[in-house]
Amino acid sequence: MVAASPSPARALDSSQLAVIVNTLDPLSVQIGEYYAAKRRILFQNIIKVGFTPGNTALTSKEFGVIKTAVDQQASKRVQAYALTWAAPYRVECMSITSAFAFGFDPAFCNNGCKPTRPSPYFNSRARLPFTQLGMRPTMAIAATSFEQAKALIDRGVESDGSKPAGTAYLLSTSDNLRNVRNASYPLVEKLFKDRIRVRTLRQDGLMNAHDVLFYFIGKAHVDGLETLHFVPGAIADHLTSAGGMLTDSSQMSALRWLEAGATGSYGTVTEPCNLPQKFPNPVVVTGVYLRGETLIEAYWKGVAMPGQGIFIGEPLAAPFARVMVH
């Protein structure tokens, strides 16, 4: 597990991130242009592809064509990818962010209570994932309107180096099937209570909190989001089967977290069962973020088996970085 007082890490920066834009999707183009301007993304790191927008899933064959085009345009300096759409969110059984990270591979999927191929990036000290591990962690700047995307991006940029005085809310719910992360909560408190405020609560939702930095819960639907204030750079997710079905979930979509003010979230796109390894580990996510790494690094390093999970948010947000990540 992560050290309690980790030495500051050097975070990924904007020169190492490529932004992938779907030229046939006007919203993707708009998000890509705004993000590139706000984060000063190198023009050669704006990668353009064209495919029919709006479908929730791609076949592995359709995706293979897109991935080949993207990888051919990415320089060896590029360590991570940012997508600029909410749909498609999966490639057959894999999430689209994991498919871009690893390439499509069914070994990263397993319906139900079976493990999948693990990520070599989990809880690692790797600073250059492509150079060191041959993978590019990917996050979707996911939104269904430009206003939501703009607000998300602005929060991420605002968070850089802000050292926010927020609270980690760890909720132990009555939903026993989805409450499987509560075993890790005492360690979060033990390791990080000197850095941030940690509150472990036995309740099914949080109301009227104005300092939310982390919010980990297990529920199919989370009430009270409209009453919360998330500090810029906040991470929040709700460990449920269909949270990663961003645009057509029968449960609560992970997009609701971003719309409520979080800067990053996570959900699974195909049935994961409740294996904790398929979801963010609060101890690792918190520790990596607090040592100054970016949102994409902290979230990706926090999931042992991310093949079925989609990472969404503003990838370069780094509230605990010493150096600005613009």
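1. The link of Cys113 and Cys273 is right-handed, with 55° about the S-S bond. Cys113 lies in the loop between α3 and α4, and Cys273 in the loop between β12 (264-268) and α8 (282-290), so the pair ties together parts that are 160 residues apart in sequence. Helices (H or I, at least four residues) and strands (E, at least two) are DSSP runs, numbered from the N terminus.

2. This is a predicted model, in which local features need pLDDT of at least 70 and side-chain atom pairs count only at pLDDT 80 or more, while totals for chains, interfaces and linings use all residues. Residues are numbered from 1 along each chain as its sequence is written, and side-chain values use heavy atoms, with hydrogens and water left out.

3. The whole structure holds two disulfides, a disulfide being a pair of cysteine sulfur atoms within 2.5 Å. In the link of Cys113 to Cys273 the S to S distance is 1.8 Å. Cys113 is exposed at 54% relative accessible area, whereas Cys273 is buried at 15%. Buried means under 20% relative accessible area, exposed over 50%, and partly exposed in between (1.4 Å probe, protein chains only).

4. The sulfur atoms of Cys93 and Cys109 are 2.1 Å apart in their disulfide. Cys93 is partly exposed at 23%, and Cys109 is buried at 9%.

5. Asp237 belongs to strand β11 (residues 230-237) and is buried, with 1% relative accessibility. Its side chain makes a polar contact of 2.7 Å with that of Arg181; such a contact is a pair of N or O atoms within 3.5 Å, where, within protein, one must be able to donate a hydrogen and the other to accept it, and residues adjacent in sequence count only if both atoms are side-chain atoms.
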